[in-house]
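Work through the exercises below with the coordinates open. Each task is followed by a solution in steps.

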Amino acid sequence: MADAATGGKAIVDEVSRLRDILRITNNCSGMIEIGISREMMSYWERTPYNQNDNAYGTVLTNIRSLSGIAAVY
């Protein structure tokens with residue numbers, strides 16, 4: 001999820017899929033904290049969610065706004 005060939009929407013969709021596995025499939029009701037590498041954090045901070053419109057924010061802001069995500073560190 002730090003590869004330049006991976007678009008912002010694809011990254012957010014994958015994190016959302018993993019969150020759903022934890023919260024729905026595994027019935028975890030608590031908030032989720034996501035620990036990622038320095039490289040992923042840097043990529044997520046600078047990669048726009050939508051390559052054609054920066055108004056949607058970055059990958060990181062979109063992931064942090066997902067329901068059930070407490071923190072990304």
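**Exercise 1: aromatic rings**

The model is predicted: local features need pLDDT of at least 70 and side-chain atom pairs count only at pLDDT 80 or more, while totals for chains, interfaces and linings use all residues. Residues are numbered from 1 along each chain as its sequence is written, and side-chain values use heavy atoms, with hydrogens and water left out.

Task: classify the pair formed by the rings of Tyr49 and Tyr56.

Solution. A pair of aromatic rings is described by the distance of the centres and the angle of the planes. Rings of Phe, Tyr and Trp (its six-membered ring) pair if their centres lie within 6.5 Å; planes under 30 degrees apart are stacked, over 60 edge-to-face, and the rest tilted. The centres of Tyr49 and Tyr56 are 6.2 Å apart and the planes stand at 50 degrees, so the pair is tilted. Tyr56 has a relative accessible area of 47% and is partly exposed (buried means under 20%, exposed over 50%, partly exposed in between; 1.4 Å probe, protein chains only).

**Exercise 2: helix H1**

Task: check the span of helix H1 and locate its buried residues.

Solution. Helices (H or I, at least four residues) and strands (E, at least two) are DSSP runs, numbered from the N terminus. The expected span is 1.5 Å times one less than the number of residues.

Next, the buried residues of H1 are Gly8, Ile11, Val12, Val15, Ser16 and Arg19. Viewed down the axis of H1, they fall within an arc of 130 degrees, so they line one face of the helix; the arc is taken from the directions from the helix axis to the C-beta atoms. Ile24 and Thr25, on the other side of H1, are exposed.

Finally, the buried residues of H1 pack against strand E1 (32–34), helix H2 (38–46), helix H3 (59–64) and strand E2 (69–72). Contact means heavy atoms within 4.5 Å.

**Exercise 3: Arg19**

Task: is Arg19 buried or exposed, and which residues does Arg19 contact?

Solution. Arg19, in helix H1, has a relative accessible area of 14% and is buried. Neighbours within four places in sequence aside, Arg19 is in contact with Ile32, Leu66, Ser67 and Ile69. A polar atom of the Arg19 side chain lies 3.1 Å from the backbone oxygen of Ser67.

Conventions. A polar contact is a pair of N or O atoms within 3.5 Å; within protein, one must be able to donate a hydrogen and the other to accept it, and residues adjacent in sequence count only if both atoms are side-chain atoms.
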